[in-house]
Each structure stands twice: as C-alpha cells, then as structure tokens.
Amino acid sequence: MSYPKWNLSPDRFFDPEPAQRKVARELYESIADLPLICPHGHVDPRVFADEDYSFGSPTQMLIIPDHYVFRMLYSQGIPLEALGIPRRDGGPVETDHRKIWQLFADHFYLFRGTPTGVWLASEFVEVFGIEEKLTSETAQLIYDQIEACLQQPEFRPRALYERFNIEVLTTTDAATDTLEHHRRIRESGWHGDIRPTFRPDGVVNIDTPGWREEVCRLSEVSGIDITSYSLYIQALEQRRAFFKEMGATATDHAAESAYTEELSPAEAESIFQRALKGQATRDDARRFTAHMIMEMARMSIEDGLVMQFHVGSFRSHNRLIYERFGKDMGADIPLETEFTRNLHALLNKYGNDPRLTFIVFCLDEDTYARELAPLAGHYPAMRLGPPWWFYDSINGMIRYRDLVHETAGLYNTVGFNDDTRAFPSIPARHDLWRRVESNWLAGMVVRGIIDMQDAREMAVDSAYGLAKRAYRFG
Amino acid sequence: MSYPKWNLSPDRFFDPEPAQRKVARELYESIADLPLICPHGHVDPRVFADEDYSFGSPTQMLIIPDHYVFRMLYSQGIPLEALGIPRRDGGPVETDHRKIWQLFADHFYLFRGTPTGVWLASEFVEVFGIEEKLTSETAQLIYDQIEACLQQPEFRPRALYERFNIEVLTTTDAATDTLEHHRRIRESGWHGDIRPTFRPDGVVNIDTPGWREEVCRLSEVSGIDITSYSLYIQALEQRRAFFKEMGATATDHAAESAYTEELSPAEAESIFQRALKGQATRDDARRFTAHMIMEMARMSIEDGLVMQFHVGSFRSHNRLIYERFGKDMGADIPLETEFTRNLHALLNKYGNDPRLTFIVFCLDEDTYARELAPLAGHYPAMRLGPPWWFYDSINGMIRYRDLVHETAGLYNTVGFNDDTRAFPSIPARHDLWRRVESNWLAGMVVRGIIDMQDAREMAVDSAYGLAKRAYRFG
Amino acid sequence: MSYPKWNLSPDRFFDPEPAQRKVARELYESIADLPLICPHGHVDPRVFADEDYSFGSPTQMLIIPDHYVFRMLYSQGIPLEALGIPRRDGGPVETDHRKIWQLFADHFYLFRGTPTGVWLASEFVEVFGIEEKLTSETAQLIYDQIEACLQQPEFRPRALYERFNIEVLTTTDAATDTLEHHRRIRESGWHGDIRPTFRPDGVVNIDTPGWREEVCRLSEVSGIDITSYSLYIQALEQRRAFFKEMGATATDHAAESAYTEELSPAEAESIFQRALKGQATRDDARRFTAHMIMEMARMSIEDGLVMQFHVGSFRSHNRLIYERFGKDMGADIPLETEFTRNLHALLNKYGNDPRLTFIVFCLDEDTYARELAPLAGHYPAMRLGPPWWFYDSINGMIRYRDLVHETAGLYNTVGFNDDTRAFPSIPARHDLWRRVESNWLAGMVVRGIIDMQDAREMAVDSAYGLAKRAYRFG
C-alpha cells in the first residue's frame, strides 16, 4: 500500500529566491551541528533521574501532556475527555490510547502550517524514522512504529539527550522543590548536564491559590520558620544558594503585568502579614509581586543568578476547563503589556548594574520595537528573550528580528530556548530556529546590509554563543 | 488617439519569485472559478427585488455611495459638496455627474496602490470592458462607456449576480426591517439566493440617536407592546425567528468595545426603564450593550443563528461632516481594542458550547496574534472573521494570515466576506482574496511548511468551504 | 597589509529577486541625484554661520554627539565616561580621542545590521573615501584618514552642503532663540538655504525644568512683559512672525501624549498664573499642553506655518544617566500612544481647514494602520510624517508603507526628513530612504499593483516633491 509521504525539504523555511536560499543554506550548514544549549524549559528532571524511564505510549508521549496539541483539537469541538486528559475529579476519560491517536490523526489537518504541525513532522521523520504522513489511514501504522521505537533503549531519555547533542538542559523548579531528581542525576555519574532553575512564583505571588501552604513548605525545606517578611526573604536567599549549589545559573519569574515598585520594609512586612492571615487584597498582591521582582533583581546582583521575567499571560481564562482539568490546559491567553513605565522602578534601581542579567520575555509583540528593544538597547543589565510561546514559530521569529534588531542589535538578545515539556521535540525546535535565523541573516547579506563574514559570526552566536554566555554556562 | 491602458497582469498580487509564482498560479487557477459565497455585506436588497433596477449614472454607481472613494478625495481638500454627496439640510451640492466624474478622474492618482484603486481597475476592465486608464484625458470617454453599459439588460443586478457566479449573498438589515424586498425576491421566482442578516444595533445600543423610536417600531413590527425588558427580549426573539424564516442564517452586532457582562434581570430591567425614559447614563449604555451581546449569544445557541461581532470603530469622528452629511461618510476611525478581558464573561458562559458560532471582526490588528488567535484557537464556539474594512486589502490579508495562522490555524477562521455596498465590485474583491490566499499558501509550499496536497485543500476551503460551513449555508 | 573591505553594493537594500531588483534599480537611478530637501533636523546653525567651522576630531564628529552610537555601547556595559561624554558636574571623562575611537572600533560589531551601522559604512566610504572595514585592527588607520579629511577645506560644512546637493535645510530652534546664527548665514551672502523652525516646547510645557526662566527670556526677546496668558500668547505670535521673517516655514511641537483639549480663556489664564507661581499641578501641565497644541494649530492657520507634532517619548527614562550627563543620552523610550480620541478636539476644530498642514510623527507603530492612516486619510489638514527615530531604518520604512499606504495613500504622507544632528550622515540617510522607497514601489510594480508610469511619479514625489510641497518651500 502506498500512502502520502512526509517531504522534509533540506531547504525548508528558507526563502525561495535562489540567491538568498544559497546563502541561507551555507549559514545553516555551518551551525546545524552545533550542540544544543537549552537554558529554559519544562522537561521533568525525573526522566533523566531514572535511567530506564520510558515515555509510555505514543499518545502518552505526544498528546496527553501537550496543551499545544489538545487545545487546537478542543477549539474544533473535541472534548478533552475524548483525548484522555485526566479530570481533577477522577471522572471518566478515554483510556484507549489507540482510539485517541486515531482521533488525533483524523484531525491532523488542523495543524497544517502551524508550529506544532512542523515540529511533529520533523519529530516523526527525524526522531522516529517514520515516512508516511499522519492521516486517518496511517494512524495505526504510525502508532505501531512509534510504540516499537519507545521500547528500544535508544529511545530512553538519556540516550536521546546524547543523540540530540545537548550540551546543557535546564528544568524549571519551584522554590520549595528539594531537587531530589537533580541530586539523583548528579549522583548517577551520568555526564549529562541537567540543571535546575529557581522559580519562586508559588511563594512570591500572594494571590496564587495555596500560597500559604507553599510558604509552610518553604519554612520546612529552608528550616527557617517564616513568621515575618524578613525571615521570608532569608528563606528565599537560602533556597537560591541551594539551587546555585545544585547547578542553577538562573531564576525565572512570571507575572501578569510588568509592574515594578519598591515597597518600604514596613509596607512589605504589613502586606506579608495580611497575606499570612489570608487578608491580602488584590492591590496588595499586585504591589507585593512588583516589589518582589525588584528584590529578586537585588538578589541576582548579589548571587550572580541570571534573572528571567515572563510577562503577560491571563492564566486559565476558561473557568470550566480550569475547574474540570486544572491549569496549563491551553486556555492561557496573552494580555496587552506595558514595559516603559512598569519597569521604570526596577531599571532605575538595578538596570545600570552590569552584574545583573535581566532577561525579559513577553506575549505582546507590540512592545518589541516600541519598548523592549529601546530598553534593552540602553540599559546594560537588560536583555531580550527569544520569541515566547505563541511566537515560538517561523513567523514569530521573523517578526521578532524585524522589530527588535535595528534598535537592540543582536547582542542585547540571548539566542534561543525551547521552553518545552516535550523532550523529543527539542531538536526540531532548535533546528527551526537555526533555519529561520540563517534565512534572516541571508536576507541581510543579499540586501547588502551585512557581509558574509559578519553573517557567519552572527549565525554561531544566534545558535549557540548568545545563550551560553547570557546564561553563564561554562 | 492612444491613451495609457490598464495592465491587469494574470499573475497580479503574486510574489515575483518564479517558483512561488508558479505554485500560486496553479492554486489560484484551481479556485478562481468557484462560486462566490457572500455571507456578510451591505448591498441593498431592493436592487434584486426590482428586476429592472438600474445603477444610474457612473457617478451614482461608483462615487456618491462609496465612502472609500470620497473620503480619500476629501482628505486632499475636495469638498464633499463638489462630489455630489447629498447634504442633510438639502443645501446645494454638485449635480452635474460628468463634472464630478472629471474631478474624480483628475485625482485618480490618489488611489495608486490602494485597495480602491485595485478594485476599480479590475471592475473597469472585467465588468465594463474598459481598456484605458482613468485620467483627466480619458474621463469623459470612460464615462460614456460605463453609461452605455448601464443601459444594457446585461448590467441589471440580477444579470450581474449570475455573471458573477454568486451562490449566496446576504444583506444586513435592522431588527425592525419588514424584509419586504426579500419577500419580493422570494415571490418573484428568481433563483438567486439573497438572504437577510439580523442586525439589531439600533434597538440594542440604548445610546443610539433615535433609540426610543426604534423600540416603538420594534413594538409595531413584532406586535408586542414593549413596556418591559422581558417583553423587549421576547420581541427580539420573535424578530430573530422571523428573520430565520426569511432565510437568515446569521446575526450581526457592532460595538465600540468588546466588553461583555451579564446583568441580573433586575439590573437589566432598571436600565431598560431608564432608557425608555431617556434617562440612561453613558455607563448604563455600556453595560446594557455588554449584556445584550451575551443575550444574543444565548439566543444564537437556542435558534442556531451564527453570531457576528464587529468591534472597535469610533463612528462619525468628524462632527462637522456628521452634522452636514450624516453617518458613513468616511470619518469612522478605529480604536484600540481589548478582547482577553472583555470577552471573558461571554466566552466563559457560552464559549464552550459547540452549538454557538461566534465570529469576531476587529479593527485593531494588534489583537490578532495576541488575543484573537489564542481565543479562537481555544474556545470551540469562537471563530475569527476575515480582515475587515481598512484591512480588506492585500497587505491587510497578508498580515492577517501572518499573525493569526500559526496559533489559530485555518479552521478557526471563516474564509472571506466582501462587506460591501458596491455590488459591481464584488468579483474584484473575492478575486483579490483568492489571489492573495493562493500566494500565501504558495509561500508555505515553497518554504517546505506545507505540501501541495494540503495547499490545494486549504485553497478551496479558504475560497469557498470555510465561509459556506461557518455560515451554515446549504 | 590587507584588511577586510567595505562592500557597498550598488543594489543595496533592494529585494534579491531579479525582476524586482531590476525595477528598483531603475526607479532608484531616476531619483538618486535629486537635490536633498531637509525639512526637519537638528544640525546646529553655527556650523554654517562660521565659514571656517571644523568638525574637530573623528571622535568629536562621530561618537561624542551621537546618542545612537553611544547608547548601544552603553547597553553592553561601556561607561559613558569611557566614551568621553561630558559630565554635568565636570567630573573626569576620557579625553584621549584615539583611545575612545579604538573602543568604538573594538565594539563596532554591535552595529551589524543596524541603521547606525549602515549609515556609518556609507559615510565612511562615500564621504571620507575609506576602504577598510572598521575593526580593532584598522581603528587607528581610519582615524588618521578621517582626521586628514577634516583638515581639508572640502570638509567644511558649507562645502559639504554643496557636495551633498542640499536644496534646503532647516534647523530646530527654541522660541526664545535670537536666530543669530541664521542672521549671520543670511548676511554672509552664502547661497545655502538654511532655515529655522519654531519649537516652543520650553515655553509651552509648563512642567519643563526651567520653564519660568524660559518665560522670562521670552519676555526679553519679544519685548512683551508676560504677566498674563494673553500677553504670553501675544509674545508667541510675535516670535512666530519673527521666525517666519527669518525664513521659517514650520513649527515643531513635542508632547508625551497626543491629548488635545480646548481650555476656556479663564481656565488657561488661571493655569498660567499657577505656573508662574510654580504651583501648577501635573494635571495642569497636561491640560495646558493639550490646549496650547490647539492654539498653535490656530496660529498656523493664521500665519501659514506648517505644524509638526512629535508624540510619545518618555524622555530621560534613566535618572542616573540624566543626573550625570543630562538629556538626549539615548535613554528616551517610546510609550504606547493613542490618537483617535486624543486628537478629536484638535481635528474637530481645525482638521477640516485646508489652510492648515498638521504633520504627525509617532513612536508607536501600532497606530499607523489603526489610527493615523485613517485620520490622515480623512481630515484635509492632517498629514503623516515619515518613520521617526527608532523607525528611521530599513525595516521601519518597510513597515510604515505596509501599514499606512493602503488607507492613506502616498499623498497624505510628506516624504522623508533626516531629523539628525549628524550633518555628514545626511546623504546616507536620504539615500537609504530613496533605495527603500524604490524597492517598495518596485514590489508593487512586479506584483501588478501599480504600473511603471505611476511608480516613476511616485518615486519622485517620495524623494523630493512631497517634502517640498508639504513644507511649503519655494
């Protein structure tokens, strides 16, 4: 039987114009095999701690944990239950993984021309060696093939880490995390470089559900009985030191808005006490987060951890889905964001200090040229993160460089990060970035904006050097 | 005498790169002759009700009713009076249509590279068979040619409807409209498929001038004496049923902002009573509209009418022009718009219901990638309308796909609608869309993002299938 | 010794696709040698007043006065002191110009692909005849070459003015300026056409530091003792008349927001009196500026001076830098801007008057398509200025036309202005505009949107005619 085949062009994502394509290919070839630097992501460290870890079924690996995949299916009326997404109340969901896979294949046309579609094609072909396009007809055949792969030792996470040529990979971990998996990895003697990242949102944003429980946990893990704001700060500093000891080079912070403000110690203490009593207001929460972001910048100057700031997502917009399935269900929607006024306090206090590396990510592309590039193009401490989430895509990357480069240049940006839970998609994501960046540089070469010598150096920096230096690896 | 000629390239609007152009042409040829689906527009149903209807003079057909045309002339200092636009006070305006036409021709250079320029060129050549470019020199010659055409039976609206290969065309009609012209069309036995759309803005937005008179009219046509909010809702439901009976498959709603909020019945009643007394405040109006948009979504779930929502125009920005000439005079200016927070109430209540099709149009392209694509890419009920008004243009369409597609995919969008009063421009508008879409798909093909098989199916959906299915025709 | 060379392609900034490139080149060649119209800029008139004026050292000419250059170096951690930027307190800064130049050359890679990089390359090659790329190795060699040039009479400003083929150049001057340099230029008999522009921000924005001193100076230069709002208005009108007499054809106004509002005479007087006493509030300042912008439009209608309005910069965002070095230090950051509501008062009062030319510049590209093009495409008085500051760049220009043209057309825009302090960079800036515009028009030609005849006329208008007519020169 003959089914339609994937057709991964060796020149994919390059401009069709032959002169530009030639230069793009040349640049791409010069960087395609550089090791992968993965300075920000959400892979579970457990997958490396257990050397026999398996990804389970194709459905378990590729559909159930990937909200990029199931939100698109949901948008077209397919219930999450039918996709096997577990309900919080333990209610019934589809458990037949082949049936879920078939449903996915029946609707795979929804992903045409989307990043998910492109990553999956690349993953199928290059990780699993599959030749046929995923359709209703080929669904079970492909399921068989992936299932067979996943039973081989070559498809254990550690083996893939090596095959993918990863140089370093960081995870994202709560401030209260004991980093046990990271400890097991280190103790195992495996040479893979897996590092934690300090993400204290759960203890910093006082309006997070379960904040008080998190603070109790922070007391426990730090051994500091957090009864005051200053003990709270001490505990955070102590956790940062622990993360650093465990290999962390960075922290990460999320907020709905970029607002920063320095509270007096008395104000901070009184908001903190209200929060402990469950009496904090919405405005308290807003100001406390604004203040803590500044505190985190101060600590970064002191301990040298690079600071990442992810801004502008309205989390769990769909209450029904949140109540039934929880968070991270594809219902986080970007918000309009403002940086010029909101970062004024932080940048004025810490932005001139070259010891700080403050990397900003945003979901509002309108701020790229208007606010972020001018800020990053002025303050020594500030850098601009790569296009994030919805913008981690071909067009998202093209717009990013188009809007950012002329003001901020290349060297106020920090290369790529894959920001993914989906470990097997990592090479596809970096490859896409490298191709799009090569094509961007080639576009400037053929337009006489830069010469080939400059382009070559910029390509290596974009693919490898910028991320490695910005995150202070090695 | 030899004048410069129009030069309508068969490859117009395609990328010049030969490989992409070849694919674009192939895709375009596969869809160029598909029937036109016109699910949203402003053609007067009268033109089809009267089988001998004539468009009048070239000036009456192409200049006087078209605010796209006369606003550009006005922006360069030509008074609307000189263009024959009727004044509200009946004051003198130019009545010599040849003189107006000459003025238009003298300034036709203003439209170079604009959608209006491109549509008109296509209309002149393909509808009226004119060869010469419109200039000061050719003005009267071309006037003669169009005038001669308009006297032929082949240029009656019904004949053009057939020549244009229209499969279905909808009009936009007030809730209080008796749909008399639609009734006449149906009774005439003509096979053209002309359908009304239910647009209740005049009775829903309580700050519309003349709102109370409109509510009286609504009482009359519905036979329900509207003395309370609940009778008002009943009357609206009854009108929707009547529109549906007359062939409507959709409703349409306009608002300055996308704000939605559900009022309690008591609040709704008390605002409604204040409005009846002419005592409603600005905030009452804002909240009442926000509430009624939600009510309309509820009704759509119940009666199956597709719901369109057009957001973000500051109507009649120029008071002088409004006072002298009325509304729709080219002085409606877009406003910055927010959807993530504003649609929260509506989408949380109705967005998970697949019986609802809620199509959003906006005039703030910044929301495409940031808000609309993520919302449409999650909620089963929501779809994104095509680029609207100022963005119904080559670059507007390119930006739309560039910004929307990677997150929402093709299938959370609804194809094209021409949204025009200018019936003879309809083929030009659809043709432009089909060309630009073919070129967009070709761009993805030659970049290896999609293959030709996928592109072919997407082209047909974009040109025909998406609109037909979204609007529930046939 | 052989160093890498600059490679200024004769086809630079053109699309690589051969058909488009050919048309772009043809259009560019037809306009490349047109005289330069420089209707808005910041060149110091002193450089023309003194016929022996020299630009000093290469460092003095190219680095110390150019915040585009030093802000990028600062963003990467190089202190401004090390670049010889004078401190307000007279504290020590680097004085060895060769050492500064070396530091600049060592970091010249930061400017790859930026407008500054492109302008400087063009300036080095075409103004100074330098062949080698600027690198650590060639730094001193190139310093020598530029230094040698600057000692030649051919590199005096007046000689360069002629060599650059400038037809008219305007400066920007405070309302209180005596225009002494302009007077000297006129009296010198030199035929260069250097004109002042009336920029009254210092006396109009009552929250400007030193406002009262500026008003005293205004009293002095006008001979009107400004004790009341109406005398203040008289003094401003008198200064405008003086500027006009001295050759000015335009005024210029800067504001953080585009807000306009007409105050009653009593309100204006009472805010003015509070300001004289140093008691004006922030809101007073906001409303007074809003009102004065409207007053300036009124005066423009009366005296015929073209009105420029530059909106949306958060000046001196970095307090440390402001305190140490003053303003214009590369720390001005754009703000989100709104025009539809904010210009409502001004445009309703004066926007229908064709005697007024009101040219708007902004730093928020989101408003191009959404607000500015629709406003300029309707109101007879309004025009849209070219891409400003961060957007005076290849991509900035491409986005500008992409977003503006389809709604506003070419003739509601006003061509180019270089807006620069850096006199020797003027030809590079105009050349870049002419190339990018030629390429834009060529793109429309090869896509069949306009024909070659139209493109040729549009090219001349873009490069020369629009600016000359909009600013009422000659």
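Predicted model: local features only at pLDDT ≥ 70, side-chain atom pairs only at ≥ 80, totals over all residues.
How many bridges join strand β6 of chain B to β7(B), and in which sense do the two strands run?

## Strand β7 of chain B

Six bridges join β6 (residues 250–255) of chain B to β7(B), and the two strands run parallel. Within this pairing, B:Thr251 stands opposite B:Met307 of β7(B). β7(B) also pairs with strand β10 (residues 358–362) of chain B, again in the parallel sense, over five bridges.

Strand β7 of chain B spans residues 306–311, and six of its six residues are buried, so the strand is largely enclosed by the rest of the structure. The burial applies to both faces of β7(B). One side carries B:Val306, B:Gln308 and B:His310, and the other carries B:Met307, B:Phe309 and B:Val311; all of these are buried.

## Contact between chains A and B

Chain A contributes 42 residues to its contact with chain B, and chain B contributes 38 residues in return. On the chain A side, at least two residues come from each of α4 (67–75), α6 (115–127), α15 (319–325), β9 (333–334) and α18 (394–408). The largest share, four residues, belongs to α4(A). By residue class, the side of chain A that touches chain B consists of 19 nonpolar, 13 polar and 10 charged residues.

## Helix packing in chain A

Helices α11 (residues 211–222) and α12 (residues 229–245) of chain A pack with their axes 10 Å apart, at an angle of about 60°. That angle makes α11(A) oblique to α12(A). Their crossing is left-handed.

From α11(A), the contact uses A:Leu218, A:Ser219 and A:Ser222; from α12(A), it uses A:Ala235, A:Gln238 and A:Arg239. These residues divide into two nonpolar, three polar and one charged.

## Helix packing in chain C

In chain C, helix α12 (residues 229–245) packs against helix α14 (residues 282–303) at an angle of about 45°, and the axes are 11 Å apart. The two helices are therefore oblique to each other. α12(C) passes α14(C) in a right-handed crossing.

C:Ile233, C:Glu237, C:Arg240, C:Ala241 and C:Lys244 make the contact from α12(C), with C:Glu295, C:Met299 and C:Asp303 on the α14(C) side. Three residues of this contact are nonpolar, none is polar and five are charged.

A:Leu179 has phi near 60°, a positive value in a residue other than glycine. Its place is the loop between β3 (173–174) and α9 (180–187) of chain A. Is A:Leu179 buried or exposed? A:Leu179 has 24 other C-beta atoms within 10 Å and is therefore buried.

B:Asn165 is not a glycine either, and has a positive phi of about 60°. It sits in the loop between α8 (157–163) and β2 (166–170) of chain B. With 12 other C-beta atoms within 10 Å, B:Asn165 is exposed.

Terms used: Residues numbered from 1 in each chain as written. Chains lettered and ligands numbered in written order. Contact = placed C-beta atoms within 7 Å. Nonpolar A, V, L, I, M, F, W, Y, C, P; charged D, E, K, R; others polar. Buried ≥ 20, exposed ≤ 12 C-beta atoms within 10 Å, placed from the backbone. Axes fitted to C-alpha atoms, helices over the stretch in contact; angles between N-to-C directions. Parallel < 35°, antiparallel > 145°, perpendicular 65-115°, else oblique. Left-handed = near helix turned anticlockwise from the far one by under 90°. Pairing = 2+ DSSP bridges.
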